[in-house]
Amino acid sequence: MRPGLYGLSATSALLLACTTGPADALTLSLREAQDIARTSHPRIQVADLQAQASQEAVVQAKAAYLPHITQQTVSAVSNSSKNAPARLAAGYGLAPPPVASRAATGAYLKQLIYDFGRTSNLIASAELNAKASEENRAANEAQIILLVTAAYFQMVQAQAVLKVAEDTLAKRELNLRQVKALTTSGLKSALDVSFAEVNQSDAQLLLLKAQNDLASARAVLSTAMGRRDEEVFDVREEPLPPPVGELESAITEALYLRPDLRTLRLQLQAAEKFAEAEKAAARPRIELVGDINYMPWVNIEAGKYPKFNVIGGLLIDVPVFEGFALEARENKAKKEYQAAAHGVTDAENNVLRDVRVAWMAAKTAFERMKPAHQQFLEADKSFQLAQSRYQMGLSSIVELTQAQLNLTRAAIDEIEARVEYQVRCAELDYQIGKLR
């Protein structure tokens with residue numbers, strides 16, 4: 001629907017205009033409120049940090065391809081003689097090597113050569129989980145933007161209703177003064193004054209409620225934007241969105257665009273890669289190992305132990321039996337992958353339901369605006385006629401009072417219809433995955 005599709009009358013435009021706040025009050029547009037939430041809301045910051053943390057898991061997984069070097073320094077003291085180093089006592093007749101007083105330092109190097117795809121699958125799983133965290137951040141941001149959008153339009157409605165309440169009170173105060181003047185002249189009875197005073201009191205109550213609703217809406221919007229301190233600001237009325245498109249198109253877009261679905265699909269792929277990595281854990285692991293040692297001092301015969309030596313070799317680690325732990329890990333990873341697959345299907349079904357519900361709600365809200373606007377025009381016409389009839393003495397104060405009530409209710413209904421359509425469109429955009 002194009003802005004101004006129903007061509008609001010001058011009176012309607014006046015009723016729907018936002019109130020003018022204090023001179024120094026900040027006036028926000030919807031885009032500005034959303035941008036503030038993107039930078040200030042703690043939930044978005046949490047999701048952003050979680051996404052950054054998931055990138056470190058990729059670095060950890062890739063570290064298996066790099067050399068691992070460990071440096072060690074050791075010193076030992078023995079009370080044995082220089083040529084007869086002591087032995088440690090051992091049970092069951094075992095004779096360990098001799099222990100000599102010595103000082104040594106060295107480095108141990110280990111380099112993975114091949115592990116039958118376990119490391120590559122772990123890296124792929126970490127990368128997919130990192131991408132899933134990015135999509136999860138987008139999903140959290142979309143939720144916050146929806147909260148901000150809904151709160152923004154509720155404040156737009158509260159401002160417009162406050163304007164209606166102020167206008168209503170002004171009209172009824174004017175009507176009360178006119179009725180009192182007519183009563184003083186003997187043209188109206190004291191009963192008319194009582195009715196007019198009741199109407200004025202009702203308008204005052206409406207104004208108090210509207211002021212409270214506006215303050216509450218401002219507090220809700222401020223919190224939705226991630227602000228802690230109370231601030232005074234106003235909002236602008238936004239143009240109406242276009243009519244909703246076809247349902248099938250919305251469903252197709254939602255299945256592709258929804259960040260939460262993309263998160264689950266990436267997590268499913270990550271679970272598949274992790275299951276493959278756990279399967280490869282039962283296969284051999286081939287590594288290149290090396291050891292560099294330097295022993296500057298030892299208290300036994302010189303030359304028996306070289307001061308400097310280098311050792312290298314190929315290590316083949318073959319898991320033979322680990323108490324069925326490897327089989328259990330593989331089965332656990334497979335079950336988690338199957339559970340994730342069912343979770344994706346369930347999430348897709350829920351998205352289809354939510355899109356249909358949101359699409360129907362937006363369509364109904366769009367269709368409601370035209371009769372609401374027509375109702376306001378008819379109520380305004382009835383009020384003008386009732387006021388003229390009452391001033392000419394052709395009707396009672398009851399007829400005028402009812403016309404006033406109908407006009408106020410119709411003005412508020414029209415505001416609510418417009419705001420509801422804007423909120424429903426935002427909810428539909430969120431369900432489709434367009435609200436970012």
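This is a predicted model: local features need pLDDT of at least 70, side-chain atom pairs count only at pLDDT 80 or more; totals for chains, interfaces and linings use all residues.

The points that follow take up salt bridges first, then aromatic pairs and charges over rings.

1. Salt bridges overall. The count of salt bridges in the model comes to 27. Side chains of opposite charge can pair when their charged atoms come close. Three of these contacts are discussed individually in the next points.

2. The pair in helix α2. R38 and D35 form a salt bridge, with 2.8 Å between the closest N and O atoms. Both residues belong to helix α2 (residues 30–40), where a spacing of three residues places them about one turn of the helix apart.

3. R137 forms a salt bridge with E141, and here the closest N and O atoms are 2.7 Å apart. The two residues are four positions apart in helix α4 (residues 118–184), so about one helical turn separates them. E141 counts as buried because its relative accessibility is 11%, which falls under the 20% limit.

4. The side chains of E237 and R418 meet in a salt bridge with an N to O distance of 2.6 Å. E237 lies in the loop between β6 (233–235) and α6 (247–257), whereas R418 is in helix α9 (residues 397–432), so this pair ties together parts that are 181 residues apart in sequence. E237 is partly exposed, at 32% relative accessibility, while R418 is buried, at 15%.

5. Aromatic pairs. The structure holds four aromatic pairs. One of them is formed by F321 and F324, whose ring centres are 5.2 Å apart and whose planes stand at 90 degrees; the arrangement is edge-to-face. F321 counts as exposed, with 58% relative accessibility, and F324 counts as exposed as well, with 59%.

6. Charges over rings. K188 lies over the face of Y390, 4.0 Å from the ring centre. In another such contact, the charged end of R218 sits over the ring of F233, at 6.0 Å from the centre of that ring.

Notes. Residues are numbered from 1 along each chain as its sequence is written. Side-chain values use heavy atoms; hydrogens and water are left out. A salt bridge is a side-chain nitrogen of Lys or Arg within 4 Å of a carboxyl oxygen of Asp or Glu. Buried means under 20% relative accessible area, exposed over 50%, partly exposed in between (1.4 Å probe, protein chains only). Rings of Phe, Tyr and Trp (its six-membered ring) pair if their centres lie within 6.5 Å; planes under 30 degrees apart count as stacked, over 60 as edge-to-face and the rest as tilted. A charge sits over a ring if NZ of Lys or CZ of Arg is within 6 Å of the ring centre and within 35 degrees of the ring normal.
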